[in-house]
Amino acid sequence: MADTNPIKQFEIHPIADLSVGGLNLSFTNSSYFMVAAVVLTVGLLALATSRATLVPGRAQSVAELLYEFVAGMIRSTAGNDGLRFFPFVFTLFIFILVGNMLGMLPYFPVPGFHGFTFTSHIIVTFALALTVMTVLVGFGIFKNGLKFFKIFVPSGVPVAILPFVIVIEIISFISRPVTLGVRLFANMLAGHILLKVFAGFIIMLGSVGALGAVGAVAPLIMVVALTALEFLVAFLQAYVFAVLTCIYLSDALHPGHH
């Protein structure tokens, strides 16, 4: 039953063992798919823009569409000033999107590699969220100095309850990387577990004879429907992560509450 184990797909396996000072720095299947996501993205975007023309072809149109999509997202959440964060937000969005989509492949087109979703591991999503918060705090202090900390002091709050509101704001701020990372991790984890569970039902029912094969039709339909839904979730989760990143980064530009 190992093949139908819904958790087995999330196991991390070393590809190249490496230990430095007792610290395990092995290159794993998770590392492999992160590198694959970067190489695939850079390669496709470079190919799409290498022969840019006034009348774009399909590949160039997709690249321009992605550019405008992310730029519009930043403008609508952080204003035109937020476009200075475009390379950062665009990189995050594409990295997560391609990683999510690679995880939808049951078999990666390289011998010996099964599909793997690195965004279903909280250590990865939390690291991405911490990167966002580091950029937010670092740039916010660099640009605004101590005025950056006005994000913890909402305007118009009565002095009597201001200390309590400040504490709430601080707790909310600290929880941002947790909620940002958990949201992406939990959605990708749950979706893939559901797909594996229903796929397991198909295998089990199909192995008990003709009657079981007929009963396997229902979970097969569910797998097809869930697969389509999971592709949508893969895109939406990359979008939500990028939108929340833009909203959080707007605090670095405009630390005052309005």
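**Note on a predicted helical model**

1. Arginine 176 is buried, and aspartate 251 is buried too, where buried stands for under 20% relative accessible area, exposed for over 50%, and partly exposed for what falls in between, with a 1.4 Å probe and protein chains only. The side chains of arginine 176 and aspartate 251 meet in a salt bridge at 2.9 Å, N to O, a term that asks for a side-chain nitrogen of Lys or Arg within 4 Å of a carboxyl oxygen of Asp or Glu. Because arginine 176 lies in helix H5 (residues 162-206) and aspartate 251 in helix H7 (residues 217-253), the pair ties together parts that are 75 residues apart in sequence.

2. Please keep in mind that this is a predicted model, in which local features need pLDDT of at least 70, side-chain atom pairs count only at pLDDT 80 or more, and totals for chains, interfaces and linings use all residues. Residues are numbered from 1 along each chain as its sequence is written, and side-chain values use heavy atoms, with hydrogens and water left out.

3. The mean pLDDT, which is the predictor's confidence in each residue on a scale from 0 to 100, is 85 for the chain, and 92% of the residues reach 70 or more. Among the elements, helix H3 (residues 86-102) has the highest mean, 95, while helix H6 (residues 210-215) has the lowest, 69.

4. The chain has seven helices and four strands, which are DSSP runs numbered from the N terminus (H or I with at least four residues for helices, E with at least two for strands). Along the sequence the pattern reads β-β-β-β-α-α-α-α-α-α-α, and the C-alpha atoms fill a box of roughly 75 × 55 × 45 Å, taken along the principal axes.

5. How many salt bridges does a search of the whole structure find? The search finds two, and besides the pair described above there is one between the side chains of lysine 8 and glutamate 11, at 3.7 Å, N to O. Lysine 8 is partly exposed, with a relative accessible area of 37%, and glutamate 11 is likewise partly exposed, at 33%.

6. Buried residues make up 37% of the 258 residues in the chain.

7. If neighbours within four places in sequence are left aside, phenylalanine 241 is in contact with residues including Leu92, Ile96, Leu128, Val132 and Leu184, where contact means heavy atoms within 4.5 Å.

8. Helix H5 has 45 residues and reaches 64 Å from its first C-alpha to its last, close to the 66 Å expected at 1.5 Å a residue, the expected span being 1.5 Å times one less than the number of residues. At serine 175, shortly before proline 177, H5 has a kink of about 40°, the bend being the angle between axes fitted to the seven residues ending there and the seven starting there. Isoleucine 171 also lies in H5 and is exposed, with a relative accessible area of 53%.
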